[in-house]
2 protein chains.
Amino acid sequence: MKGIAILGATGSIGCQALDVIRAFPQDFRVVGLAGWTNYTLLRQQVDEFQPELVCYQNDDEAHPGLGLARGTPISLEEMAQHPAVDLVVMAIAGSSSLLPTLRALQAGKAVALASKEAIVMAGPIIAQMVAGGATLLPVDSEPSAIWQCLRGEPKAIARLILTASGGAFRDRPVEELPFVTPKEALKHPTWTMGKKITVDSATLMNKALEVVEAHWMFGVPWEEIEVVLHPQSIVHSLVEFCDGSVKAQLGQPDMRLPLQYALFYPERVANPGLQRLDVARLGALTFKPLDIQRYPCFTLALDAAKAGGTYPAVLCAADDIAVNLFLGGRLSFTDIPALVERVLAQHILGDGESLNDILEAEAWARRRAQELALARA
Amino acid sequence: MKGIAILGATGSIGCQALDVIRAFPQDFRVVGLAGWTNYTLLRQQVDEFQPELVCYQNDDEAHPGLGLARGTPISLEEMAQHPAVDLVVMAIAGSSSLLPTLRALQAGKAVALASKEAIVMAGPIIAQMVAGGATLLPVDSEPSAIWQCLRGEPKAIARLILTASGGAFRDRPVEELPFVTPKEALKHPTWTMGKKITVDSATLMNKALEVVEAHWMFGVPWEEIEVVLHPQSIVHSLVEFCDGSVKAQLGQPDMRLPLQYALFYPERVANPGLQRLDVARLGALTFKPLDIQRYPCFTLALDAAKAGGTYPAVLCAADDIAVNLFLGGRLSFTDIPALVERVLAQHILGDGESLNDILEAEAWARRRAQELALARA
């Protein structure tokens, strides 16, 4: 039995990971659950799975973390490296995922990484750990697709081709984008996901972060990673090999499939709870080039990632704040790239070689983004 | 350097195999070339590649095989097991491929098999040899696609999904099929191939033979092999794994790609002569169920293969004769399944456990198909 800790248990990915684990009680034991604000749900999960370790990060008098103590209260970083844990599902949205991810990898735990911010912020550090033998398992559907296509032949890559649905506003006239509402932004055409990533899908920030994740995770040069629009979200990504052959991974848009693949890797196991893909009834799968003019966040993010150093941490933090302000009705949709761009422009680049540099830049960018947004309002 | 013998060198597959070999003079040496009727082309090939061994199977006074003797004249079976040969490209159309395929595998040669008739006629015999360690490399685009998708994970298969273009008459009203001409049948919508296989594509006999090939080559039960219509011939086949994940192999419809994959396996090597697939400009890839009413050869062939014994040999031989008679203007297109069905109906089933049984049934079926066609005319 693999001992599993889920960091971000009450979010969309956390709940879906628990759904997979529920189907395989012989294979997995939930030893740790960490949640942030959803006390009621975390409480239910603790009652059901009876983990030894619990982290509720938002202790207050009404909902003290100790109230959850069927398990021992523990910090995120402690849980990530606890001896009872074999595999950490890292599903904390945003930049708080970085530190526990590093701790888990350092402690020799397998990390099933849904929080791409961790690898975006500290790409070279994590890539070095993986090169040294740390086990990082992609969970996001696109890098999971690439990982599956590379199985048995991790070399000889000519190009990674990430697919993008285009998000909630792919068919909206560009001139209407300043006026779209958070409610509209949260209607993803094909996937059901958390709020942050759904807005990031609408701006294509999410796709840029996936390019960065793929760059560091698979060691592929920037110019050999391409993004194509594929509105149906059935082909999750493709790999072109050096001989011109292309492999693709397809499936229903259901995060439980890549989650299960990472949890069981290298095994594949049947799960009657997952819907099959009926290829004969797919109809048309369409592909077209990405219109990057439409998605200013995409170029902005890639430029920051390529520049490297502390820029990627600033990018993630500024986007986090900008998306929150948009969701709270305090920024327009098109203000998201504008704010991120201003924070990046004001940042004094550090080399980002130490974790400390990265965390400092991240904290600075959060403050600066808030200040700029307030000054503007 | 791998020593390569090409049996069926002057046909479509043979020429394309030589085209790949021409691009990699450091990796391959042509040690044997065998042709059937195209003396002029075989002569050119012998002049260019200077093989040690040559087989011209249609010796006559005007074109004596010895006239090709920059190489030593030799029989197909001798060439298939010659010590200088490491890998045999088996590209002889029809049932004559069986004996040299078996000889090559027995002699420990790798066989890159384009001639699916060999494995259709003697499936259990060849499957047993492969289980015992013989190296059989698929060359046809569909089994090559499956082979590529199974790389690194040959187990946990839920289903093989072969794609079919639908052939030359996929959009023709069924009531016009009795009147279509050989010239029309030879216009394949997406692939450039030999005559026999192009007609077999129009009847879908070819797709049924691929199902049989996949059954024996990958050890997958009949009910777990599906065929879907995919008119663009870009997705060459797919594998559904037991967890519901699907992998697909895509590429330009160019036989040189699977040929090169088989020749270099397990390496992948860049070949500037092969056209890349530009995924962003694919437009729509479509998939729909196969209308088996439209293609009587399909069910006929699968029923014969499932019944087993000597039926598959009879099937191949009868189809060979029927297609030749159609190409010669002596049978209508819809007479092809009718003739094959009559020959199968008249066959007294043998167990097909010995090669001799298979070859006798094959010879009987050829004669019977000719007789029935003549009696009808």
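Reader: Which residue stands opposite Ala110(B) in β6(B)?

Author: Strands are DSSP runs of E with at least two residues, numbered from the N terminus, and helices are runs of H or I with at least four. Two strands pair if DSSP finds at least two bridges between them. In this predicted model, Leu87(B) stands opposite Ala110(B). Strand β5 (residues 87-90) of chain B and strand β6 (residues 110-113) of chain B pair in the parallel sense, over 4 bridges.

Reader: What is the order of the strands in the open sheet of chain B?

Author: The 7 strands run β4-β3-β2-β1-β5-β6-β7, with parallel pairing. At the edges are β4 (72-73) and β7 (136-138) of chain B, and each pairs on one side only.

Reader: At what angle do helix α14 and helix α15 of chain A pack?

Author: Axes are lines fitted to C-alpha atoms, for helices over the stretch in contact, and angles run from 0 to 180 degrees between N-to-C directions. Under 35 degrees counts as roughly parallel, over 145 as roughly antiparallel, 65 to 115 as roughly perpendicular, and the rest as oblique. Here α14 (residues 335-346) and α15 (residues 355-376) of chain A pack at about 125°, with axes 10 Å apart. The two are therefore oblique to each other.

Reader: Which residues make the contact?

Author: Contact means heavy atoms within 4.5 Å. From α14(A) come Asp335(A), Leu339(A), Arg342(A), Val343(A) and Gln346(A). The residues from α15(A) include Trp364(A), Arg368(A) and Leu372(A).

Reader: How are residues and chains labelled?

Author: Residues are numbered from 1 along each chain as its sequence is written; chains are lettered from A and ligands numbered from 1 in the order written. Local features need pLDDT of at least 70, side-chain atom pairs count only at pLDDT 80 or more, and totals for chains, interfaces and linings use all residues, while side-chain values use heavy atoms, leaving out hydrogens and water.
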